[in-house]
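Biologist: Thanks for sitting down with me. Could we look through the surface and the aromatic rings together?

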Amino acid sequence: MRKALFGITALGTLCLPAMAAARQDDGPAEAGLQSAGDIVVTARRREEKLQDVPIAVSAVDASGLDSRGLGTVTQIGQIAPNIQFTPGQGGNSGAIAPFIRGVGENDFIITSDPAVGVYIDGVYVARTFGAMTELLGIDRVEVLRGPQGTLFGKNTAGGAINIVSAVPGQQRKIEADLRYGSFNTVRARLYAETPLSGDWSLGVAALGEFGEGWQKVPSGKNLGNRNVVGGKAALHHDGATLDALLQIDGLRRRQHAAPHSMIAFTPTFLSDLQSAFLAPCCAVPDHIDRTDGSPALNRDETDAFNAALTLTADLGGATLKSITAYRHVEALFGRDGDASAAIDYAGDVHDEKARQISQEVQLALDLGNRGTLLLGAFVYREKTRDDTRLVVADGLYPALIAAGFDPALATALDLNIDFRNRQRTDNLALFANGNYELADGLSLELGARYTWEKKKFSQSAMRLYSGQPLLAGTPYYELEKSWDAFTPRASLSYKMQPGLMAYASFSRGFRSGGFNGRPTSLEEVGSYDPEYLTAYEAGIKASFGRIATVNLAVFRNSYKDQQILVSTVSPDSGLLIVRNENAGRSRIQGLELEGMVRVSPGFTLSGALGLLDAKYLDYVSVINGVPTDVSDRKPKQAPDITANLGAAYETPLGDALDGLFRVDIAYKSEVHVDTENTALLRQPDHAIVNASAEFRLTGTGLSLRAGVDNITDKRIITAGYDASTSFGFTEAYYSPPRRYSLTLAYRH
């Protein structure tokens, strides 16, 4: 009942703009209070006003990011419906793992691709460890909900997050801010652009952030700390017929592992052996803000280099665009799962390297002022390396041999394993998308993409102490497979009057298959199938000048062969198995409502409501070697309700001082964070409250912002996994505690 009341209340609040619009007078857009109608997006690979796009898309521009104090892309989950981000797992804190409308992937292994595509300046990002998402100079962030299989890159079955950087122009501009916050965290950012000779201009951005972590480690360094530097340069040529933009960025991160907590432990056969032959195991920490671990596993390091060249040529009645990109990232991260520095009972460390090169060509044609046609081709290659060391009861094998155990039995219990994984992915796609105005206000859009993808995977897995292969008699193997798909899209939109549009659409998304990167027996070596998502959507977008906007979307998704990450136990070895499998059929349907109303020239309300009904229709999993119908499970990261409400008030405080005051509330109903619906890993319904006060010296560009995030200090599980039947423990990742900050900024 409480959930229903909350949803009804939020819905009523968001409907206020439509009722109030006729009574308001147009006023100037205040800084940080920009209406949705002012934002330009590229959701259809061309610049359009947000309210003119017949797609469920949320967007926030630079002023919106700044006024809310959002320092990273992952925080937009607080202001958009039906989207949430899971933290980096395995000790890594840099990855972006979004779920949109219950569709997503939070596994970091190289054999798994994201279900929601992340794009930076039009470039698909396969491994997000080294993505620059905290710099100044980001023009806007767009969240496209639903499959984007026609226009966007490689794997966008669930949606796309498009991060668009500012393009330097012919005016000088400088932005800088310095933030100090809880846990002695200091962040300095700079963005500047200046014209050069002729039609050339230059933009540069820099970031440095350092701070202590919030999870205490008595024997070593705190988890969740910050130690990152990065920068970006953009060289722009704005010629009469040729526009050229070269962007280069780099990142260096030297942090401790991401915070994680052992929240329960039950002794197992393996832990009993650990206690008997090595050292006692294990004790659950008394607080989620404290843990312990070995320094060798407490690592989170990343180096990244990225470059992109975008060329746009005006051919008269057509525009030709080329996007050439190279991305290189190396990451070393680990986690200690036993919460102890005295023993190494359970943990892992990952040495990752990924290189990708992509080329996209687009030809945009003008269809006589009645529409446009976009033709394109996309070529992509990624080479990845994953060297993982699994640490389980470290030293047990030599202890058993010394005690006179049979070598074969001791080898079976040597679970310290070196994995050497390699994968190459080749992707080729051809696409077309056109829209045509059939009659005044009535437009038809048709699009399609053909995708072909091939993956080649190899693995070597050796037991560290005994020197024997993990897979008996198979020290090395290779697999190769290819898939292809045709993904169409169609939509019909009608502008009933200026500022009011209705649309309906059909689209299909595809995510290619892959290989099991963590087999513990020969039976588990192999591939899983592609997944397909078919979406039906209808919506209304309404604008009332600069006073209000209301956007409504209803949708139904049919999921076939959904790729599911599961954790189970091998009936033969007793080892924990983490693998991908395909659920037969799933259904996801829901509603999304977004709105903004300018109550007065200085007072703005904004909010969003997402309702989601997700369920498996046909899902059979193998549990302890037995096929089992698990269709009654709830899909992970698919809450029934997500909602947010923000209030911003801007007012003069004196002749030369303005104030901007904000309160933002983000609510999410109960949800499971793992596929198995582990009771201990259930995330309860909760609300996160943030507030800030910003003071601006008129005409100087100087401002001071005081903010507090998570005012009520709400601590909830955001991710985790259950290894209670194998290793004995359950591990969880928690949201950070209450945090205070002061930010001094200059913009000119």
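Biologist: Which residues make the nonpolar surface patch, and what is its area?

Modeller: Keep in mind that this is a predicted model. Strands β11 (173-181), β38 (702-709) and β41 (739-747) each supply at least two residues of the patch. Its members are Leu178, Tyr180, Val186, Leu697, Leu702, Leu704, Leu742 and Leu744, and together they make about 690 Å².

Biologist: Does valine 186 count as buried, exposed or partly exposed, and why?

Modeller: Valine 186 lies in strand β12 (residues 185-195). Buried would need under 20% relative accessible area and exposed over 50%. Because its relative accessibility is 34%, valine 186 counts as partly exposed.

Biologist: Now the rings: how many residues apart are phenylalanine 108 and phenylalanine 333?

Modeller: The structure holds 17 aromatic pairs. One of them joins phenylalanine 108 and phenylalanine 333 edge-to-face, with 5.4 Å centre to centre and 80 degrees between the planes. Phenylalanine 108 is in the loop between β6 (103-104) and β7 (116-120), while phenylalanine 333 is in strand β18 (residues 318-336), so the pair links distant parts of the chain, 225 residues apart.

Biologist: Which cluster do ring pairs build with Phe378 and Tyr380?

Modeller: Phenylalanine 378 and tyrosine 380 are stacked, at 6.1 Å centre to centre and 15 degrees between the planes. Phenylalanine 378 is buried at 3% relative accessible area, and tyrosine 380 is buried at 1%. Ring pairs link these two into a cluster of Tyr119, Tyr124, Phe378 and Tyr380.

Technical notes. Residues numbered from 1 in each chain as written. Predicted model: local features only at pLDDT ≥ 70, side-chain atom pairs only at ≥ 80, totals over all residues. Heavy atoms only, no water. Patch = residues over 30% accessible without salt bridge, like charges linked within 9 Å, V, L, I, M, F, W, Y side chains within 5 Å. Areas by Shrake-Rupley, 256 points an atom, 1.4 Å probe, with all protein chains shown as cover. Salt bridge = Lys/Arg side-chain N within 4 Å of Asp/Glu carboxyl O. Helix = DSSP H or I, 4+ residues; strand = E, 2+ residues; numbered from the N terminus. Buried < 20%, exposed > 50% of the residue type's maximum accessible area, 1.4 Å probe, protein only. Phe/Tyr/Trp six-rings, centres within 6.5 Å; stacked < 30°, edge-to-face > 60°.
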